[in-house]
Amino acid sequence: MKAVQEELKGAAWDARIELTATETKELLQELQNFFKLTRQLQKINLEKTPATYYGSEKTNTLREDVVQPSLPLDVSLVNAPETDDSCFLVPRIIEE
Amino acid sequence: MTAFEAVIGLEVHVELLTQTKLFCSCSTDFGAAPNTQVCPICLGLPGGNTPRLNKKAVAYAIKTALALNCQVAQEITFDRKNYFYADLPNGYQITQHFHPMGKKGFLPVNVAEKTKNIGIHQVHLEEDAGKMFHVGDILSSPFSRVDFNRASVPLVEIVTEPDLRTAEEARLFLQKLRNTLLYIGISDCKMEEGSLRCDANISLRPLGSKELGVKTELKNMNSFRAVYRGIEYEIERQTGILQEGGTVIPETRHWDEEIGATKSMREKLSESYRYFPDPVLLPLKTDTKWLEEILYSIPELPDSRYKRFTEDYGLPPYDAEVLTSSRDLADYYEQALQTYPEHKNLSNWIMSELMGLLNANNMEITACKVEPPELGDLLKLIDQGTISGKIAKTVFEEMFTTGEKPEKIIREKGLTQISDEETLLKIVDTVVTAHPGSVEDYHNGKNKALGFLVGQVMKETKGQANPRLVNKLLQKKLSN
Amino acid sequence: MDPANLSVQQITAKINKKELLLTELGAILAGRSKYAQKKLNLFISFDPQLFTEQIKKNEQSTQVNRPPLWGVPVAIADNITTVDQKTTCASRLLAAYQPPFEAQAVSLLQENGALLIGKTNLEEFGLGCAGNSSYFKPVKNPWDIKRTAGSGAAAAVASGLATFALASDVRGEIRQAASYCGVIALKPTYGKIPREGLIDSASSLEQTGILARRVSDLAWALQVLAVPGNNNPPAVKRPLYPEILGNIPAKTRIAVPADWDQAPLLEEGIKNNFREQLNKLARVGLEINYVTLPHFQYASLVATIIGAVEAFSNLSNLDGVRFGYRKEGKHLQEMYIKTRSAGFSSKLKKFLTLGGLLSTKKYYNSHFLQGQKMRSIIKKELLDCLQENELLLTPTTPCNAILLDSSPPAGEELPDPAAYYTAAANLAGFPSLNFPVSTNGLPYGLQFMAKKEDEGVLLQIAFLLEKEPIKWPIFALELQEV
């Protein structure tokens, strides 16, 4: 589980989440049963089975290339935590 | 000392010339006020996860794949590339990771008078990210501003095989690629506006070795010159490291145009990208009829046109190369041929007079006011002796500025060539009388004197006299 | 008769005959909602003034041909966008979020005359029913306030505050909540109700569904909502649902997995009651066939794998840049981490981390891809079964509504045992319906599943079982006194 703990740390960072010590402990606990079941799942030979990625068997549809109105600027910006008069503002990019 | 060979692959991003974005109906117009071309879909708002695929963007991507001799995918699918960045609204970019639109293509490039096929690894359709503006430079900026107008604008990415060996080859490939894409009309390919962007993967290996060395990824090359200089610099830098027994660090480097060097980006986090099929965008079968329609919409490409210009029109390779370097220029030439089928003569005029004026005015051929048939008409007037070649240049300048027809300019300015013998004889008489010295020189065998006298007649007629006739009349007069 | 217990058709008829004034109905519902909110915490947004304005608008309308949902009070789960009220997904990250556009399903309801009573509480982003992740605290069950309701939508319908409600179903949430609260719920075929405006956490599994206390009300709602969306090709020709309810095929075959009683945590009371229900069905002449579905047992696990990876990606837009809550950081990445760590519940943080883990190179093939392949197998097994039988029947949940402060805390398990029976329909995109029955003095449900576009058969079986009206929870009776 030590290795999994390290992997979780990486996965949490990739999700831009920091788990507390308690949360990590709980998740490791919950994963024990989960991995027991996925090990069973892996034993089933599905080499020749295609994957189903979608909820529907229908095919995608295409849209004509015709412009429709966009949102007004004030509406686009209204929900943002920080803006100036035309742009969204984010903290500095460089970390040091 | 070991000799090294560079192995170069390019990743070229091209913005498609569609009216709307890839998955929503927001406009793609360049230069609109920030965040005025966004909607819940391209702004990644909660509940806006309902992408609607742009038919034209798909057609353009297929067209690109076909023009680059690729195998086209039978089913169009999209995948998500998941990562966090401030210019990426959804936290993922929709791209074609598992099944690109086109695979295994090639583009022939003329390198040192030989044709080399550069392999196209894949062509795929994806969405662009927004734009960030930093306060001052990125390193010291306390915060950044984000504009999402560009977010989800359709891009085609063209990835080459690592078939290029020099900076010059890379430059020639990129020019050929740009030319081809302009021919098929899928993009305006403006590097300065960012509608064509080029990254390069560069590694070195000992000459003769088959193994690939450690590569660096070179970004931020914003012109053809920058692509050439950046790659040249990077090859030199890596050669230096290897010859001193060092090792190249695999990293992303930025080309700095001002200092003329590449710089490490010192990116702190190494992002592990995740790709998986987009669960919202259902697959789409490419039906044969539509593919055929797209195939037929591809015009004659530069290589085949070049061949026709040299073989059918008998143009020298240089002329054919210049004229087919742009589809618009080649179209112009061929339209003018309709009224004036003198291949080489027309080519000369276009390459010297027309292109000279275009360059001097920093104009594109598409903005030229002279219609191709009118250029043909003008050249016909020279051949018929209505105007002299010299006058024709003046007339052409006038046509270029005003867009008037040549006949009208000639008529209004009274520029018609004087070919009437009686009129000219009178002037010849006057000139001969006025320059006895020159007449004597001529009689003493100084042939240059004849040229002087012809010049005087031309001057008297403001250049309108038919020079051949003046020559004939003068000789006749002087031999009397 | 209690005006809050009228069917869709009764409301319209009484309004037309001027036997019922909308203002009168509105006043009753507003009063009861206020009381219920205090007791059950079922709404996130409930604005009596907005509700009154809608009623006024309807009353003043001179429309001659009134649409079918005229004056019908409906509740909307708070992960479906509305322009008049905020849409929070019960997350701190969206606690103040005001969408600039309305979900297509909500527009359809309003165009058809429905009145939006409020936005209902739910688990954060509609994931699960355990009552452990809403930023606005859990919803209490109207049958027993010490237990979870599963969702505010189910509690609102069970309490008679809304004739029907819209909520989403990722791994069975609306059916589970309906099972816990004793109401009917339908998760239609994938894509049947337009997706536009549903804030989905797992796009390939999730579907908007309907909860109601009467089959005919559910049929009317489906009639209005089952239209092709912008991105959906036209669905197959649909029947007139409200008109076919009584026409159940004479020989309706019902499949039951032979090992239905092997679910982990299946309660004894439910086990016994389900057996009795099977006998009852056989007695009314339905054919019960025991079938083998060897891979059905993996459905909840597979839906957890797929759901976690899709949620990891779908919820990446919650980054504190364009909308929602932000917790400042020294630089961009720190802002992301702080915002998301403080913005999501512990439960969702763990789930997104799981999604991150399962989509890394190391786990992709062995878990995510293997899961998507198992999904094909499960779907095929269900389809084969539903070619031979009109319906597949199981319990909806293995237990009654769980206690909110149980120890150790329930609902944290991976995979969620509550989704044991429900997740398969999400994997396959098939329609599935909960019909309420009861045991131990608490409700649970029978879950029927049909093949795609066969919502008609699901409504017909429910209609057949609906001979006697569905029981009211004690709380609803208490409310009628308000």
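Reply: Start with helix 11 of chain C: twelve of its 13 residues are buried, so the helix is largely enclosed by the rest of the structure. Buried means that 20 or more other C-beta atoms, placed from the backbone, lie within 10 Å of the residue's own. Helices (H or I, at least four residues) and strands (E, at least two) are DSSP runs numbered from the N terminus. This is a predicted model: local features need pLDDT of at least 70, side-chain atom pairs count only at pLDDT 80 or more, and totals for chains, interfaces and linings use all residues. Residues are numbered from 1 along each chain as its sequence is written, while chains are lettered from A and ligands numbered from 1 in the order in which they are written.

Me: Which residues of helix 11 of chain C are buried?

Reply: Among them are Lys347(C), Phe351(C), Gly355(C) and Leu358(C). The buried residues pack against helix 1 (2–14) and helix 2 (21–43) of chain A, and also against helix 9 (299–314), helix 10 (332–343) and helix 12 (361–388) of chain C.

Me: How do I read a sheet?

Reply: Strands of a sheet pair through backbone hydrogen bonds, either parallel or antiparallel. Two strands pair if DSSP finds at least two bridges between them. In chain B, three strands form an open antiparallel sheet in the order 6-5-16. Strand 6 (92–95) and strand 16 (274–277) of chain B stand at the edges with a single partner strand each, so one side of each has no neighbour in the sheet. Four bridges join strand 5 (residues 79–82) to strand 6 of chain B, and Asp79(B) stands opposite Thr95(B).

Technical notes: Two residues are in contact if their C-beta atoms, placed from the backbone, lie within 7 Å.
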